[in-house]
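Good morning, colleagues. Please take a moment to look at the sequence and the model on the screen, and then I shall take you through selected parts of the fold.

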Amino acid sequence: MAFIIRKTLTLLLWLIIIKTTFGQINIEKNMNEKEKSLQTVLDKTIDGKKIFGTSFALKKGNLIWFGASGNLSKDQSYFIASTTKLFTTAIILRLKSEGKLNIEDKISKYLDKSILNGLLVFKMKDYSDEITIKHLLSHTSGLADYFQGKGANGKSLEDDIKNGNDQFWTFEQAIERTKAMNPLFAPGTKNKANYSDANFQLLGKIIEVITSKSYSTNCEELIIKPLNLSNTYLYKDTLDKTPKILYYQANELDIPKAMTSFGADGGMVSTSADMLIFIEAFFNGKLFPKEYINNLQEWNTIFFPMKAGIGIHLFKLPWILNPFGAVPYFMGHSGLSGALAYFSPKENIFVVGTVNQVAHPDISFKTMIKLTQIVTKK
């Protein structure tokens, strides 16, 4: 009897080993097929007219994938533009966790009167002293956008830059330009939000005032070094040719002066590998307490189909475009350069990357959706 039992157990053990082995082979086969399909998405995105290079990375469970196509390589540095705002948000939340600020604090607690004077005058009433850190993070301050808003000449700074008129500006000049524009509403007006780069210029200054360190140093000490992001930094040197030059339509858009001027609202350089580490750390509590994420989800529409939360954005397609819920919602941020960094809580997917095209940043979202659908396919 003992002999039969031993034989039976041995047979069962071998069956388990065989099943596990073949199961592993099937998993690896499926993963290889998915990786090929993911790369095909990037290859097909390159058309030589709108998109000349792509670099993306994603993570879902055990699958970690890096891909690139066209004139971008997997390890190529690129401008992440307004995705930088996630770095600013992370630092603000870190300072909150250390008791150095409260997001309900009025910015007048930290900023000089020279900055606040006439900052937001709406319908002949000065609300400058009523603006809070939360208003800045959530784009509910009512401030105009110094970059995309139109100045006295009827043109925006963005228009100038796209036309190849590269230029420097200081924090003070960005704020003076904001003051010269009409605000959209009083701070905290219910159901009102207006995307404004001025909000994050001010947050960058608040970070510097609280810490007595530059925004760049804060990024280094609180994010870059702890996460070992070896190819991530704030762009400060116009002679630095490391990041890939941006494209605007079919032409290269070489704007180093502008890129050194953005700072806390859009001046970071990174790679897809580094950004994948960063976005996972952002949502998994490595940079600030994870429970803060729930408190950031107060959504207001800014532009279709995007909504602004407190320091993060929500990308969620409406039912009419996504009736069966095939495309999950994402939280994170994107930039005018065609860069993005998002997390899907439903599918537990982290996606980062760029199409490096100022004229068509929407193609990044289309690419993200295609990549996501491949990795979620059973």
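Predicted model: local features only at pLDDT ≥ 70, side-chain atom pairs only at ≥ 80, totals over all residues.

In the hairpin of β14 and β15, 4 residues lie between the strands, and N348 among them takes a positive phi near 55 degrees. Residues are numbered from 1 along each chain as its sequence is written, and side-chain values use heavy atoms, with hydrogens and water left out.

The names of the elements also need a word. Helices (H or I, at least four residues) and strands (E, at least two) are DSSP runs, numbered from the N terminus. Two strands are said to pair if DSSP finds at least two bridges between them.

Strand β14 covers residues 339-344 and pairs with β15 in the antiparallel sense over 6 bridges. Within that pairing, F343 has F350 of β15 as its bridge partner. On another pairing of β15, strand β1 (residues 53-60) is joined to it by 6 bridges, and the two run antiparallel. There, A57 stands opposite V352 in β15.

How many residues of strand β15 are buried? The count is 6 of the 6 residues in 349-354, so β15 is largely enclosed by the rest of the structure. Buried here means under 20% relative accessible area, exposed means over 50%, and partly exposed lies in between (1.4 Å probe, protein chains only). In a regular strand the side chains alternate between the two faces of the sheet. In β15, I349, V351 and G353 point one way, while F350, V352 and T354 point the other way, and all are buried.

These strands belong to an open sheet of 8 strands in the order β2-β1-β15-β14-β13-β12-β11-β10, with antiparallel pairing. Its edge strands are β2 (63-70) and β10 (300-303), each of which pairs on one side only. On average, neighbouring strands of this sheet are turned by 25 degrees against each other, direction ignored. At the β10 end, 3 bridges join β10 to strand β11 (residues 306-308), and these strands run antiparallel. The bridge partner of F303 in β11 is M306.

I turn now to strand β13, residues 330-334. This strand is mostly covered, as 5 of its 5 residues are buried. F330, G332 and S334 point one way, with M331 and H333 pointing the other way. Strand β12 (residues 313-315) pairs with β13 in the antiparallel sense over 3 bridges, and L314 has M331 as its bridge partner in β13. H333 stands opposite A341 in β14. The hairpin that β13 and β14 form has 4 residues between the strands, and G338 in the turn has a positive phi of about 90 degrees.

S334 is buried, with a relative accessible area of 14%. Leaving aside neighbours within four places in sequence, S334 is in contact (heavy atoms within 4.5 Å) with S82, T83, M306, A339, L340, Y342 and F365.

β3 pairs with strand β9 (residues 268-270) over 2 bridges, and Y78 stands opposite S270 in β9.

Finally, the helices. What is the relative accessible area of K366? For K366, in helix α12 (residues 362-376), the value is 49%, which is partly exposed. K366 and T45 are 321 residues apart in sequence and 9.6 Å apart in space, C-alpha to C-alpha.

Elsewhere, F171, A174, I175 and T178 in α6 meet A198, Q201, L202 and K205 in α7. By class, this contact has 5 nonpolar, 2 polar and 1 charged residues. Here Ala, Val, Leu, Ile, Met, Phe, Trp, Tyr, Cys and Pro count as nonpolar, Asp, Glu, Lys and Arg as charged, and the others, Gly among them, as polar. Thank you for your attention.

Definitions and conventions:
Axes fitted to C-alpha atoms, helices over the stretch in contact; angles between N-to-C directions.
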